[in-house]
Amino acid sequence: MAFRSQFQNSCEIGVFTRLTNKYCLLAEGGTSSYKIFENELAGHIPVVYTSIAGCRIVGRMCVGNAKGLLLPNATTDKELSTIRNALPSSIIVQRVEERLSALGNCISCNDHCAIIHPDIDKETEEAISDVLGVEVFRQTIAGESLVGSYAVFSNQGGMVHPKTSVEELEELSSLLQVPLTAGTVTRGSDVIGAGLVVNDWVAFTGTDTTATEIAVIESAFKLNSEFGEKEKEKKEKKEKETKS
């Protein structure tokens, strides 16, 4: 299922959120619309409110998957400790010294592969491979180096910049071993990473996202109503238990 949300007055929820199959990091200070993350995910994975390097742009500052989380070197000891303590012990959390410190803009990954900005340091590339346990490819998307801003993919599928050529789409899909779709979010935005966060069973996108865009997202990431049905069953069970 795909849900709409916003952070304060911004539809660019991918800027403030990092979602994986094992955890979700959220910026502090969101409005009631932003609470949908906690409402939908808290029963399944840890939901952690934090800042990174004193910033609320959590989704742009870090990158992670079900195996690990990479943070910029400017992340404070307190933030690192908060995140480490909240996540499962199997998740490796590590700081990296990287000139391109907005890691979420420069890296896009799932649990098996990562595509990275062509100019990322070799040491960072090695850290991505080791901590996230992925195969790493230096790529551009539709001529754009900020691959984390212009591509989002899960283990089921992915979405990239709408001007990505058919040849490039096929090449990327072959590299990542998932089907890819070129598309937009939040009423025509090509900055996919800013307006969309997704894992293998649920997606969240900005409140401006149209019904057509939602349908494309659900199709691209192979999302169906199974998660929603499970939630419904869970709520009904709780209600029965409360009555009895």
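Modeller: A disulfide here is a pair of cysteine sulfur atoms within 2.5 Å. By that rule the count comes to 0 disulfides. Note that this is a predicted model: local features need pLDDT of at least 70, side-chain atom pairs count only at pLDDT 80 or more, and totals for chains, interfaces and linings use all residues. Residues are numbered from 1 along each chain as its sequence is written, and side-chain values use heavy atoms, with hydrogens and water left out.

Biologist: Is Cys109 buried or exposed?

Modeller: Cys109 is buried, because its relative accessible area is 12%. Buried means under 20% relative accessible area, exposed over 50%, and partly exposed in between, with a 1.4 Å probe and protein chains only. Cys113 has 5%, so Cys113 is buried as well.

Biologist: Next, the sheet. In what order do strands β8, β9 and β10 come?

Modeller: The 3 strands form an open sheet in the order β8-β9-β10, with mixed pairing. The edge strands, each pairing on one side only, are β8 (107-109) and β10 (135-138). Strands (E, at least two residues) and helices (H or I, at least four) are DSSP runs, numbered from the N terminus. Two strands pair if DSSP finds at least two bridges between them.

Biologist: In what sense do β8 and β9 pair?

Modeller: β8 and β9 (residues 113-116) pair in the antiparallel sense, over 3 bridges. Within that pair, Ile107 stands opposite Ile116 in β9.

Biologist: Which strands does helix α6 lie across?

Modeller: Helix α6 (residues 122-132) lies across β8, β9 and β10, and runs at about 145° to β10.

Biologist: Change of topic. Where does Thr164 lie?

Modeller: Thr164 is in the loop between β12 (158-160) and α8 (166-176). Its relative accessibility is 9%, so Thr164 counts as buried. The Thr164 side chain reaches the backbone oxygen of His161 at 2.6 Å. A polar contact is a pair of N or O atoms within 3.5 Å; within protein, one must be able to donate a hydrogen and the other to accept it, and residues adjacent in sequence count only if both atoms are side-chain atoms.

Biologist: Which residues is Thr164 in contact with, leaving aside neighbours within four places in sequence?

Modeller: Those are Ile141, Ala142 and Leu169. Contact means heavy atoms within 4.5 Å.

Biologist: And where is the place of Ala66?

Modeller: Ala66 is in the loop between β5 (63-64) and β6 (68-72). Ala66 is buried, with a relative accessible area of 14%. Leaving aside neighbours within four places in sequence, its contacts are Thr20, Asn21, Lys22, Ile91 and Asp111.

Biologist: How many helices and strands does the protein chain come to?

Modeller: The protein chain comes to 11 helices and 15 strands. Buried residues make up 51% of its 244 residues.

How values were computed
Axes are lines fitted to C-alpha atoms, for helices over the stretch in contact, and angles run from 0 to 180 degrees between N-to-C directions.
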